[in-house]
Structure formats: C-alpha cells, structure tokens
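Dear colleague,

My findings follow directly after them.

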Amino acid sequence: MATSDQVHRMATFWSNVLEGDGQIFDSAADFKKAIAKYAIAHKFGYRMKRTNPNMAKAVCDLHSCDWYICASVIHDTGCFRVYKSNLQHFHLAGYSTQHKTKASKTVVADVILDKLCDCSKYRPMEIVRDISREYGVRLSYQQAWRCRELATSLLVGLQEDSYKTIPWLCRKIKESNPGSVAEYTFEQDGSFSKLFIAFSACLHGFTEGCRHLLVLDGTFIASKYKGTLLVASAYDVDDGMLPIAFGVVPSESIDNWEWYLTQLRHALQYEIGDELAFISDRHTGIIQGLHHVFPGCPHAHCLRHLKENFKKYLKGRYNQSFKAAMEAQLDKIAYLRTMHDYEKNMEVRHKMNRSAHEWVIQAHPENWVIALFKGNRYDKLNSNLAETYNAWIKDARELPICHLIDTIRLKTE
Ligand SMILES: [Zn+2]
C-alpha cells in the first residue's frame with residue numbers, strides 16, 4: 001500500500017506544474033487539472049472555491065494552512081492567469097494519516113489514456129494498482145472504472161479526430177514519396193469510408209525485383225473504430241515479405257474488395273495481359289473482386305485453408321486413419337505437376353471414396369492443383385505470407401488509424 005514517504009516516480013513530474021503569480025493556463029479546466037496534479041505530487045488535499053465563472057480559487061483543505069492559488073480569466077480569451085498565490089504549506093506533505101490525496105477523474109483519465117491506447121483490455125483493478133504505485137493515489141474500484149469510462153470516450157474522440165486527418169496524411173504521403181498512391185473516400189455525412197495506400201518504393205520493388213505473385217488478405221482492426229485492413233504482399237528475391245499496398249475498409253464485402261483491387265490495379269499500372277497471379281484464402285469478396293478488376297489473372301486458393309475446409313467436411317464421417325489417408329492424398333494431389341499424374345491420382349481417390357473424390361471436383365482444383373493452374377505461382381501453395389504481414393504490424397492494428405498508417409510507413413521506409 002502506498003504511504004506518504006514512498007517515492008511515486010510518475011507524480012514527481014508534476015511537482016512544478018504550479019509556478020505562482022503570472023502563470024497562464026489555456027482554460028479554467030487546465031488550471032484545475034494543474035492543481036490536481038500538483039496536489040498529487042505534493043501529497044496534500046485541497047478544495048476549489050469558484051466565486052464566479054471568471055475566477056477560480058483553490059485552498060489547502062487543512063483549515064489552518066495558508067496555501068492558496070487564485071486565477072481569473074484574461075478578457076475575451078478564455079485563458080486563466082494566476083494573480084495571487086501562496087504555495088507554502090506550514091505542514092509536511094501527507095500531514096495526516098487520514099489524509100487522502102484526491103485525484104480528479106480527468107487527471108486519472110489523462111494518465112491512463114496512453115495505456116488504454118496500447119491495450120484496450122486495461123482493467124479497473126490494474127488502474128487501481130498502477131495509480132497507487134506510480135502516483136500514490138488510492139482509488140476505489142468504482143472510481144477506477146469511471147476514470148476508464150472517461151478515458152475510453154476521450155480515446156474514441158481521438159480516433160474520430162484521427163480519421164479527420166486522413167486527407168492531410170494522404171497529401172503528405174504523395175508529396176514526400178512521389179509515385180505513391182494514397183486514396184480515400186468519405187461518406188455523405190462526412191464519416192470515414194475507405195482508404196488505400198501504396199508507397200512508391202514498394203511498387204517499384206514489386207515491378208522491378210519480385211515474382212509477379214501477390215498474396216491478398218483481410219484482417220480485422222482491433223481499435224475502437226472497427227474495420228478491416230486489406231493487404232497485398234509479395235515475395236522478394238530472398239523469399240521474404242515485401243508489403244505492396246494496404247487499405248482500410250468497413251468490412252470484407254465484395255464492393256470493398258472491388259474498390260481496393262481497383263486502386264491496386266491503378267497503383268501497379270496493370271494492363272490486361274500483363275503477367276500477374278494471386279493467392280488468397282478464397283474469400284468471396286476476393287474471388288468476385290479479382291474476377292471483375294483483374295479478369296483473366298490466375299487466382300490460387302491457399303492449400304492450408306482448403307485443407308481446413310476438407311477437415312470440416314470429413315468431421316464425424318470416417319475413422320481417424322481413413323481421414324488421415326484422405327487428407328494426405330489431398331496434399332499429394334495439390335503438388336502434382338502433370339495432367340497424367342493428376343488423372344491417375346483422381347482415379348485412385350475415386351476408388352478410395354467417391355464423395356471425397358467429388359469434393360475435389362467441386363473445390364475448383366484448377367485454382368490449387370499445380371498441374372491445372374494456368375499461371376505461375378512459383379510453388380507457393382499457401383497464403384502464409386499474410387500471417388507474416390500480420391506479425392510484422394503486430395499491435396499497430398489497435399492504434400487509431402493515423403498511427404496505424406504511420407507505423408506501416410515507418411516500417412516500410
Ligand atoms: Zn497546506
């Protein structure tokens with residue numbers, strides 16, 4: 001438990017926020033916040049005495065102590081200036097064992113905002129613990145819960161503001177990285193709709209130094225302002241991941257994928273007939289979007305996702321060893337390189353089990369069996385590169401959108 005003589009590291013940063021006569025604050029709220037922080041740092045209680053909207057006064061809550069500070073509004077500005085003060089107490093910090101330093105809700109909300117931004121699961125009990133340890137202020141669970149509510153609403157405000165800076169950010173990206181593509185749309189009511197960004201260095205790297213195969217994937221955004229991150233990445237010469245373009249859309253719908261792919265086509269300056277193939281988890285939005293925007297481009301379906309579907313299909317049907325044999329056979333079929341081998345293996349499969357054979361026919365083998373695939377997929381049979389991308393951006397998906405964009409930009413540079 002915190003005691004008055006313990007050093008509360010974070011609180012010491014606030015020990016000089018009140019300087020005395022002549023000091024100016026942006027508003028009455030800022031003045032009050034500074035008093036609350038100062039009182040936490042110096043471990044004393046105080047009371048606010050506000051005589052009218054243009055004036056605010058705080059006094060030490062030990063009646064016999066002369067500590068006080070008065071500020072009044074500067075005409076027509078809303079700013080407050082300290083015009084009278086005595087910042088000397090006649091007693092020691094934490095003067096009474098009953099004494100509890102008060103912390104205003106707004107001060108605690110300010111303090112926990114950053115942590116909440118990094119971890120949306122910051123719990124009231126952790127807030128009680130951290131505020132006590134770092135600031136020497138004891139909060140009840142209920143108080144911590146209320147502070148968390150306030151901080152959450154401030155964060156949503158920040159995230160809304162974050163969306164408002166998208167036009168500026170897109171302009172800056174295009175100015176500072178010529179050749180980059182940064183497009184966005186807003187709804188009629190002014191709310192954010194869609195975003196697409198491809199940095200010129202990545203586009204250049206793809207056209208000049210990569211195999212012309214793109215892995216597409218959609219992943220949810222964990223921040224308060226839900227949405228989906230759409231990503232196209234490629235294999236570089238060392239088989240590493242090169243991020244090509246990303247987008248933020250409300251959901252993985254056909255329309256949103258089509259919009260994203262249209263921007264991608266423009267960014268790559270793709271012409272029909274150019275060599276380009278795709279790999280994905282065969283989300284309906286991707287299948288339809290590619291069909292409309294990149295007609296004729298071969299689209300490989302990820303074998304790992306396909307096997308998961310096949311496992312679901314087999315569930316509850318056969319015994320374990322038969323299931324394992326069927327799965328292994330599916331794997332084998334995917335890697336076959338000639339039509340002759342494919343037909344031979346399909347015959348075997350037909351004999352093993354007719355419905356499992358039928359499952360392959362229905363699962364568009366032309367999109368995953370090497371022998372039947374029309375384009376060049378460089379022996380890449382799954383979309384694992386998408387997971388590499390997700391690990392690459394780590395927790396950035398929880399950040400407000402502008403921070404997310406900036407994190408990706410910094411990592412790409
Ligand atoms: Zn005092």
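This is a predicted model: local features need pLDDT of at least 70, side-chain atom pairs count only at pLDDT 80 or more; totals for chains, interfaces and linings use all residues.

Helix α6

Helix α6 spans residues 200-209, and its buried residues are C202, L203 and F206. These three lie on the same side of α6, because the arc they cover around the axis is only 100°. In general, an α-helix has 3.6 residues a turn, so residues three or four places apart point the same way. The other side of α6 carries the exposed residues H204, E208 and G209. Among the elements that cover the buried residues of α6 are the strands β7 (192-198), β9 (227-235) and β10 (241-249), together with the helices α7 (254-268) and α14 (401-412).

Helices α9 and α10

The axes of α9 (residues 303-314) and α10 (residues 320-334) come within 11 Å and cross at roughly 150°. The two helices are therefore roughly antiparallel to each other, and their crossing is right-handed. On the α9 side the contact is made by L303, K307, F310, K311 and L314, and on the α10 side by K323, M326, E327, L330 and A334. Of the residues in this contact, six are nonpolar and four are charged, with no polar ones.

Residue N384

N384 belongs to the loop that connects α12 (354-362) and α13 (385-393). With 15 other C-beta atoms within 10 Å, N384 is partly exposed. The C-alpha atom of N384 is separated by 8.5 Å from that of R304, although the two residues are 80 residues apart along the chain.

Yours sincerely

Terms used: Residues are numbered from 1 along each chain as its sequence is written. Helices (H or I, at least four residues) and strands (E, at least two) are DSSP runs, numbered from the N terminus. A residue is buried if 20 or more other C-beta atoms lie within 10 Å of its own, exposed if 12 or fewer, and partly exposed in between; C-beta atoms are placed from the backbone. Axes are lines fitted to C-alpha atoms, for helices over the stretch in contact, and angles run from 0 to 180 degrees between N-to-C directions. Angles under 35 degrees count as roughly parallel, over 145 as roughly antiparallel, 65 to 115 as roughly perpendicular and the rest as oblique. A crossing is left-handed if the near helix is turned anticlockwise from the far one by less than a right angle, and right-handed if clockwise. Two residues are in contact if their C-beta atoms, placed from the backbone, lie within 7 Å. Ala, Val, Leu, Ile, Met, Phe, Trp, Tyr, Cys and Pro count as nonpolar, Asp, Glu, Lys and Arg as charged, and the others, Gly among them, as polar. The arc is that of the directions from the helix axis to the C-beta atoms.
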